[in-house]
Amino acid sequence: MLPQRVRLQYEAVLCHQTSLIGCKVQRLPEGSTERYTRWINNLTQEQLTTQVFTSHGPTVIMPTWFCSKKWFQEVGSFDEGGKGVPEDLLFFYQSLRQGGGLARVDRCLLVYRYHEEATTHSVTEETIWKLRVDFLQERVLSCWENFTIWNAGKQGRKLYRSLSRTNRNKVKAFCDVDENKIQKGFYTYEDAKERPKPKVSIVHYKDASAPFIICVKLDMTAGSLEENLCSLQLKEGVDYYHFN
């Protein structure tokens, strides 16, 4: 912990008594997990809530958490299932389910060490994937009549296959920027039990309609994804959510 962490986060929690309070971090060794660290530190206060579905996990990361004891007890204790259990993500989601908020003190108050023996590496990608998909369906897709999956590639198709049949039926299209994918015209869900097998059209993102679930990694397209979203004048948390 860096100086003033307890004081500053304590002051914040007095104003947000049912919230998880975080802070900015300094990564050690410097430069490790660069994209992840940039994401942790640069999310806006609004994005702390809208980007809870991404593969990065909790938008307020557990080493920075500060909350009232009363709220911690109300949410419930950590899942002590041991190795392979993402106890931070489970608690984070449960806090949100119970109406908890998220906030961050915009000061670097913690040195966050990276090392290869960290427990986080024992949690499988598939375990995290299922929790994220379930939470997305519960919090967002259950409220939408239909939506578009932004990415007709591997990650977009995997999300489609992971959805419940009810939510798969809400997918009106995939959209992409890759002309090769667009020229195929549609995606067929070959492993579906239904007959005929579901087919979903693939269109250019400019021809698609909101709302969107974005299955393209953030900070990996030299800004082109962000520019494309901006060009459509969409509002995050209303017209789209990031999933990857």
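Q: Which residue of β8 stands opposite Ile214?
A: Strands of a sheet pair through backbone hydrogen bonds, either parallel or antiparallel. Here Ile214 faces His242 in β8. Strands (E, at least two residues) and helices (H or I, at least four) are DSSP runs, numbered from the N terminus. This model is predicted: local features need pLDDT of at least 70, side-chain atom pairs count only at pLDDT 80 or more, and totals for chains, interfaces and linings use all residues. Residues are numbered from 1 along each chain as its sequence is written, and side-chain values use heavy atoms, without hydrogens and water.

Q: In what sense do β7 and β8 pair, parallel or antiparallel?
A: Parallel. β7 covers residues 212-214, and three bridges link this strand to β8. Two strands pair if DSSP finds at least two bridges between them.

Q: In what order do the six strands of the open sheet run?
A: Read across: β5-β6-β4-β3-β7-β8. The pairing is mixed.

Q: Which are the edge strands?
A: β5 (186-188) and β8 (240-242). Each of these two strands pairs on one side only. From one strand to the next, the twist averages 25 degrees. Such angles run from 0 to 180 degrees between N-to-C directions, with axes as lines fitted to C-alpha atoms (for helices, over the stretch in contact).

Q: How much space lies in the second largest pocket?
A: Rolling a probe the size of a water molecule over the atoms shows where empty space is left. In this model the second largest pocket holds about 300 Å³. A pocket is an open set of points on a 1 Å grid over the protein atoms alone, where a 1.4 Å probe fits, with protein on both sides within 12 Å along at least five of seven lines. Points join across faces, edges and corners, and the volume is the space filled by probe spheres set on them.

Q: Which residues are closest to the centre of that second largest pocket?
A: Trp39, Gln47, Gln51, Leu218 and Glu226. They belong to a lining of 15 residues, each with an atom within 4 Å of a point. α2 (34-42), α10 (224-231) and β8 each give two or more residues to this lining. The most come from α2, with four.

Q: How do the lining residues of the second largest pocket divide by type?
A: Five are nonpolar, five polar and five charged. Ala, Val, Leu, Ile, Met, Phe, Trp, Tyr, Cys and Pro count as nonpolar, Asp, Glu, Lys and Arg as charged, and the others, Gly among them, as polar.

Q: Which residues does a cis peptide bond join, with omega about 0 degrees?
A: Most residues other than glycine have a negative phi, and most peptide bonds are trans. Here Arg195 and Pro196 are joined in cis. Pro196 sits in the loop between β5 and β6 (199-204). Another cis bond runs from Ala210 to Pro211, with omega near 5 degrees. Pro211 belongs to the loop between β6 and β7.

Q: What is the phi of Gln4?
A: Near 80 degrees, a positive value in a residue other than glycine. Gln4 lies in the segment before α1 (5-15). Thr33 also has a positive phi, near 45 degrees. The loop between β1 (19-28) and α2 holds Thr33.

Q: How many of the 244 residues count as buried?
A: 46% of them. Buried means under 20% relative accessible area, exposed over 50%, partly exposed in between (1.4 Å probe, protein chains only). Gln4, at 39%, is partly exposed.
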